[in-house]
Amino acid sequence: ELALNDAERSRGLMFRDKLGPYDGMLFDFYQDAPVSFWMKNTLIPLDMLFIDARGKIVAIFADRKPLSLTPVGPSAPVLAILELRGGEAAARGIRQGDRVIHPAFR
């Protein structure tokens, strides 16, 4: 799924009670910016992958605790965030420095 506008980015994966192993949401900000995310109203654990304009994963915050109000984010600006079911990044061998292939990235 894609979150392409402010309303979609604000809601994200809130209020969902499940997310499949091949499901996720890409939040595109259209320009590099310093961003952080929290888990407000998010009922399931998530992996958050912070991605720069070239598609490089600059940070992974794995297995974020549901409903946590503690924001997380890298010190570097990013273009997008990919949220996956908690534990999926590790299960698939996804690591910081890997590249994401998608039209959003140059």
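Analyst: **From loops to charged pairs and surface**

Start with asparagine 41, which sits in the loop between β2 and β3 (46-51). Keep in mind that this is a predicted model. Asparagine 41 is not a glycine, yet its phi is positive, at about 60 degrees.

Now move to the loop between α1 and β2, where phenylalanine 15 lies. Phenylalanine 15 has a positive phi too, of about 70 degrees, and is not a glycine. Its relative accessibility is 45%, so phenylalanine 15 counts as partly exposed.

Next come the charged pairs. Side chains of opposite charge can pair when their charged atoms come close. How many salt bridges are there by the rule used here? The count is five. The rule asks for a side-chain nitrogen of Lys or Arg within 4 Å of a carboxyl oxygen of Asp or Glu.

Take arginine 16. It forms a salt bridge with glutamate 1, and the closest N and O atoms are 2.7 Å apart. This pair links distant parts of the chain. Arginine 16 is in the loop between α1 (6-11) and β2, while glutamate 1 is in the segment before β1 (2-3). The two are 15 residues apart. Arginine 16 is partly exposed because its relative accessibility is 26%. Glutamate 1 reaches 51%, so it counts as exposed.

Arginine 9 and aspartate 6 both lie in helix α1. They are three residues apart, about one turn of the helix. Their salt bridge has its closest N and O atoms 2.7 Å apart. Aspartate 6 has 57%, so it is exposed.

Aspartate 52 is buried, because its value is 11%. Elsewhere, salt bridges that share partners join Arg85, Glu88 and Arg92 into one network.

Finally, look at strand β2, residues 24-33, where glutamine 31 is found. Its relative accessible area is 55%, so glutamine 31 is exposed. What does glutamine 31 touch, leaving out residues up to four places away in sequence? The answer is Val78 and Leu79. Isoleucine 94 is 63 residues away from glutamine 31 along the chain, and their C-alpha atoms are separated by 24 Å.

Tyrosine 30 also has its place in strand β2. Tyrosine 30 counts as exposed because its relative accessibility is 53%. Together with Leu2 and Leu4, Tyr30 makes a nonpolar surface patch of about 290 Å².

To recap, asparagine 41 has a positive phi in its loop. Arginine 16 and glutamate 1 tie distant parts of the chain.

Methods
Residues are numbered from 1 along each chain as its sequence is written. This is a predicted model: local features need pLDDT of at least 70, side-chain atom pairs count only at pLDDT 80 or more; totals for chains, interfaces and linings use all residues. Side-chain values use heavy atoms; hydrogens and water are left out. Helices (H or I, at least four residues) and strands (E, at least two) are DSSP runs, numbered from the N terminus. Buried means under 20% relative accessible area, exposed over 50%, partly exposed in between (1.4 Å probe, protein chains only). Contact means heavy atoms within 4.5 Å. Patches are made of residues with over 30% relative accessible area and no salt bridge: like charges are joined within 9 Å, nonpolar side chains (Val, Leu, Ile, Met, Phe, Trp, Tyr) within 5 Å. Accessible areas come from the Shrake-Rupley method with a 1.4 Å probe; for residues, only the protein chains shown count as cover.
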